[in-house]
Amino acid sequence: MSDSGSAALSDVRFERVTKRYGKAVAVKALSLAIPRGSFFSLLGPSGCGKTTTLRLIAGFETPDEGDVFIRDTRVTETAPYRRDFAMVFQNFALFPHLTVADNVAFGLRMSGVAREERAKAVEAALAMVKLTGFAERYPKQLSGGQQQRVAIARAIVMKPAVLLLDEPLGALDKNLRESMQVELRSLQRELGLTTVFVTHDQEEALTMSDSIAVMRDGVIEQLGAPREIYERPATEFVATFLGASNLIDATVVESGNGSSQVEATFGRFTLAGSHPAGERLRLAIRPERVLLKPGRDSGALPAIVRDVVYRGMSAHVFLESGGLPLLAFVQNAASAAIDWSPGQEVGIVLPAESLVRLNGGAQAHG
Amino acid sequence: MASGSFRLTRRWAAFALVAPPLLVFLVFFVVPLVSLFWVSFHAPSQSELYGPELTLEHYATILTDPFYHTIILRTLSTGAVILALCLVLGYATAYVLAPLPPRKRLLLLLLLVVPLMVSNVVRAYGWIAILGRQGLVNAVLRDTGLIERPLLLLNSFEAVSFGLMTIMLPYMVISVANALASIDAQYKEAAQSLRADPVRTFIHVTWPLSSPGVASGMLLVFLLTLSAYVTITLLGGPRMKLLVSLVFDSVGSFRWPLAAAISFALLVMALIVSGLIMALLRPQRVQGRG
Amino acid sequence: MDRRQLLLGTGALAAGGLVHPFSGKALAQGKPSQMVLMTWGGLWGDCMKESADTAFEKATGVKIIQDRGSSPGERITKIKVSVADQKFDIVQLHDGIVPLAVSQGALEPINKASPRLTNLKNVPERFVQSHWIAMIYSPLGIIYNTKLVKNPPKSFADLWRPEFKNQIVLPEITHSIGPYIIPIGSIAAGKGPNDAEAGFEMLKKINALQPIWAKDTDTIMNALRNEEAAIGLLYKSQSFTVKGWNTPVEWVFPSEGAILYSSGTGIAKGTKNLELAEEYLNLTLDPKVQTVAAQKFNYPGTNTGTEAILPPDLQARVKASPEEMGKLIDLDHATLAAKRAEWTDRWNRIISAG
């Protein structure tokens with residue numbers, strides 16, 4: 001990439017990597033650098049190229065164009081078993097014929113680590129994933145969560161340059177998954193392991209990552225810290241794939257003093273930043289940033305409540321304004337705060353700093 | 001009380017369900033085997049199935065007679081050679097077939113099975129046409145001037161082993177190919193991600209995970225080898241008799257008790273070798289039970 | 001009609017059937033609709049069907065069903081197994097297995113005075129045994145390929161000539177005439193047919209010549225046909241078949257004498273149709289029936305009248321001079337049968353243990 005300083009500190013680097021399967025392009029001219037010690041997530045729907053990207057790092061796939069680097073060593077054509085990585089597979093891929101200890105020791109054994117040293121490392125790794133005492137069991141005798149920990153232990157015991165995680169939590173139930181997220185993250189921090197995490201679960205990506213690359217059709221749509229990705233989505237795809245977003249098409253009416261007045265079907269409101277008058281914009285605002293006011297307040301835009309879904313911590317209020325459906329999340333800060341009913345006329349406020357301008361301009365129809 | 005009688009009915013229902021197969025097993029397997037065992041302890045008789053006196057002479061003959069030792073050893077070595085050939089050739093073939101798309105693999109496996117649809121007798125005669133004194137091999141060798149008199153290729157250890165091997169090979173290929181095809185590709189990738197090169201991936205992952213298929217293939221091959229008769233008779237002739245030929249010869253000379261005793265010797269050999277195969281391959285380890 | 005009446009009615013009908021003197025059942029006891037003949041399948045069975053079976057049906061109105069599926073040994077076992085309620089009536093066996101059939105009690109003794117055995121008076125005594133009468137016979141001698149063998153063999157002893165190494169075809173021990181190699185060996189050693197020790201010594205010697213051991217007669221003939229073998233043991237009758245394949249072979253009546261092979265018929269122990277079985281047995285000795293076998297297989301018939309009614313060319317084939325008839329060797333089949341197990345074992349030890 002252009003910034004050679006950050007490249008020196010990256011554990012994984014792609015330079016214009018393209019991978020095709022027949023005519024289909026799985027990864028398109030992808031360049032990226034994953035900083036040392038970071039937890040990096042590849043997020044996107046199935047078929048977006050995230051798994052292919054991971055497999056290109058592992059060497060299970062070879063790029064058609066471009067180069068792959070691990071710790072500044074070019075590994076584009078290097079066989080997987082000569083690359084410095086470890087991987088946790090989607091279904092764990094624990095060897096059923098080996099005990100937990102033998103599974104964890106496998107990589108060390110293949111690397112020629114002496115028996116005694118191996119035993120120590122295995123013990124330490126098992127302790128790290130809280131599986132001391134399970135060494136002589138077979139994978140079949142373990143629960144899903146325990147198998148997951150064995151898979152993690154088997155990977156981290158290798159002290160790899162990069163740890164690859166291929167949707168490793170997908171096979172677990174919700175509660176276990178949330179606790180494993182926390183554990184995995186703290187383990188990663190403790191070991192300072194550069195980690196590449198593939199997931200289609202946006203919440204998981206937001207919870208765990210230092211940075212997220214949102215992928216679509218073989219390219220990265222947006223790359224950044226979780227907060228940046230969530231709060232300043234660059235495209236409509238990112239805005240809707242990560243959480244919910246209200247999409248509003250608007251036209252700039254006037255501009256000045258670092259802010260602009262824009263007009264949408266339901267009325268006028270203010271947008272941060274100067275824009276040339278007459279420009280058509282596509283805007284996004286998160287539902288939790290939409291403010292509701294009882295009645296028709298001056299300065300608020302008119303809307304009608306169509307439906308209210310009570311969710312405990314919050315309520316989802318479905319609104320309609322100027323023919324455009326809008327969604328607002330209201331915190332259950334006080335009973336009155338969520339006391340809305342269908343058919344009620346309300347005013348909505350779209351705070352200027354919460355409105356995000358998306359790339360690509362407005363479409364002909366909202 | 002109601003639940004008690006219900007439980008009773010259920011037990012009867014379960015019994016009724018297993019009774020027919022159990023009965024078939026008893027009548028057609030256990031009873032004949034037991035009666036055969038009983039026969040094997042009797043003196044022979046010219047007019048009856050067996051004479052009235054009880055004797056251990058048949059087992060003593062099998063255990064002490066050098067002639068029987070020669071034949072048993074020959075039977076075991078034939079089995080060993082066939083097992084080794086089937087293992088190497090069958091595994092290699094299966095290894096090539098396994099990664100193919102299921103439809104293509106099935107088609108090729110079916111192609112392998114086609115020879116099994118031809119009677120062993122016909123196939124043995126096929127080998128005779130190839131290996132006989134006037135067979136293809138000898139004809140070619142003679143026409144090219146390499147030999148003057150035909151070579152004795154038939155009636156030899158090699159002819160029997162090779163002929164049987166060609167019959168057994170498909171069984172090995174099918175069971176190994178199925179085992180290999182059912183191994184999740186992730187295991188191989190996992191091994192590679194843990195620094196195992198292709199050779200060590202094979203030794204430490206693919207081979208053990210395919211061991212149930214290898215074991216069932218080897219058991220099939222060995223047991224079918226022990227019980228093969230037509231091929232042995234046609235390709236081996238009287239010079240290459242195996243234990244099963246002696247069963248036939250004993251029956252042909254009305255020594256049913258000796259035939260029964262040799263049959264049990266065969267059964268014991270089958271059990272011992274099966275046990276050895278299982279002990280060496282440990283197919284149960286794939287189930288995660290040591 | 002209610003149910004009770006119906007039951008009574010059918011009961012009466014059934015009872016009537018049993019006592020009625022002219023009911024089908026009563027008739028069947030006197031004369032069955034069919035009888036079972038156990039014999040060889042293939043051409044031989046067809047030959048019997050065409051000759052004896054058809055003649056029998058015509059004469060008696062009883063149909064002959066052939067049981068072709070079993071070997072001679074199995075035929076004996078089958079008769080033994082069903083002796084309490086005999087399903088079989090007539091059985092054909094070759095000479096070698098008759099002592100076994102007799103010792104196993106599978107055959108009815110033949111009543112030589114029976115008025116139904118009208119052909120018996122024309123059958124020489126050597127073909128008539130207590131429980132069995134030969135129908136056809138053939139001398140067993142030497143066959144050789146005239147192109148491959150420059151110095152024609154004259155005696156059984158010539159089979160042991162070293163020049164025939166790898167080229168001799170012999171029946172193996174499981175063949176019905178397999179054990180004959182022992183008396184033949186004994187004869188070749190100049191000890192007559194009954195010196196088993198001399199016979200086994202000769203077996204060792206011929207084994208060193210790597211003979212082709214054939215499991216059946218077809219294999220012997222095929223080995224000669226495709227010139228795998230240059231010389232071997234074969235019946236005179238079958239030598240014509242090989243000649244018919246345009247193979248240059250000659251059959252030799254050995255100077256020591258040829259072995260007599262015969263095949264014939266017995267009556268199954270406990271048959272329900274003894275008299276009819278005797279009638280069938282008599283038919284197998286009929287010159288007209290034996291002529292069919294001669295035409296198809298070149299087997300001379302055992303009835304002395306058979307030869308006379310054959311066409312001249314066939315007569316020439318099956319004819320045996322009185323001198324040759326005198327030199328036909330009757331083997332001691334009782335001893336051969338008794339020794340079969342022991343000899344099989346000894347044979348195996350010599351041939352298979354190598």
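This is a predicted model: local features need pLDDT of at least 70, side-chain atom pairs count only at pLDDT 80 or more; totals for chains, interfaces and linings use all residues.
Some ground rules before we start. Local features need pLDDT of at least 70, and side-chain atom pairs count only at pLDDT 80 or more, while totals for chains, interfaces and linings use all residues. Residues are numbered from 1 along each chain as its sequence is written, chains are lettered from A and ligands numbered from 1 in written order, and side-chain values use heavy atoms, without hydrogens and water.

I begin with chain A. Its two domains are domain 1 (4-240) and domain 2 (246-357), with bounds from an automatic or database domain assignment. Their C-alpha centres lie 40 Å apart. Eight residues of domain 1 of chain A and nine of domain 2 of chain A are in contact, meaning heavy atoms within 4.5 Å.

How much area is buried between these two domains of chain A? About 750 Å², of which carbon and sulfur atoms give 42%. Buried area here is the accessible area (1.4 Å probe) that two parts lose on being put together, summed over both. On the domain 1 side, A:Tyr230, A:Arg232 and A:Glu236 lose the most, together 57% of what that side buries.

There are two salt bridges between the domains of chain A. The rule asks for a side-chain nitrogen of Lys or Arg within 4 Å of a carboxyl oxygen of Asp or Glu. A:Glu231 makes a salt bridge with A:Arg289, with 3.8 Å between the closest N and O atoms. Helix H8 (226-231) and helix H9 (236-241) of chain A each supply at least two residues of the domain 1 side; helices (H or I, at least four residues) and strands (E, at least two) are DSSP runs, numbered from the N terminus.

Next, two pairs within chain A. A:Arg36 forms a salt bridge with A:Asp11 at 2.9 Å between the closest N and O atoms. A:Arg36 lies in the loop between strands S2 (24-35) and S3 (39-43), and A:Asp11 in strand S1 (residues 10-21), so the pair ties together parts of chain A that are 25 residues apart in sequence. A:Asp11 is buried, at 0% relative accessible area, whereas A:Arg36 is partly exposed, at 44%. The cut-offs are under 20% for buried, over 50% for exposed, and partly exposed in between (1.4 Å probe, protein chains only).

The second pair is A:Asp201 with A:Arg177, at 2.8 Å between the closest N and O atoms. A:Asp201 sits in the loop between strand S8 (194-199) and helix H7 (202-208), and A:Arg177 in helix H6 (residues 174-191), 24 residues apart. A:Arg177 is buried, with a relative accessible area of 19%.

Now chains B and C. Here 26 residues of chain B are in contact with 32 residues of chain C. The two chains bury about 2400 Å² between them, 49% of it on carbon and sulfur atoms. B:Arg133, B:Pro238 and B:Arg239 supply 25% of the area that chain B buries against chain C, more than any other three residues.

Two salt bridges cross this interface of chain B and chain C. C:Asp345 meets B:Arg255 in a salt bridge at 3.5 Å, N to O. On the chain B side, helix H3 (66-97) of chain B gives the largest share, five residues.

C:Asp345 also pairs with C:Arg349, at 3.4 Å between the closest N and O atoms. Both lie in helix H14 (residues 333-351) of chain C, four residues apart, about one turn of the helix. Through shared partners, salt bridges join B:Asp65, B:Arg255, C:Asp345 and C:Arg349 into one network.
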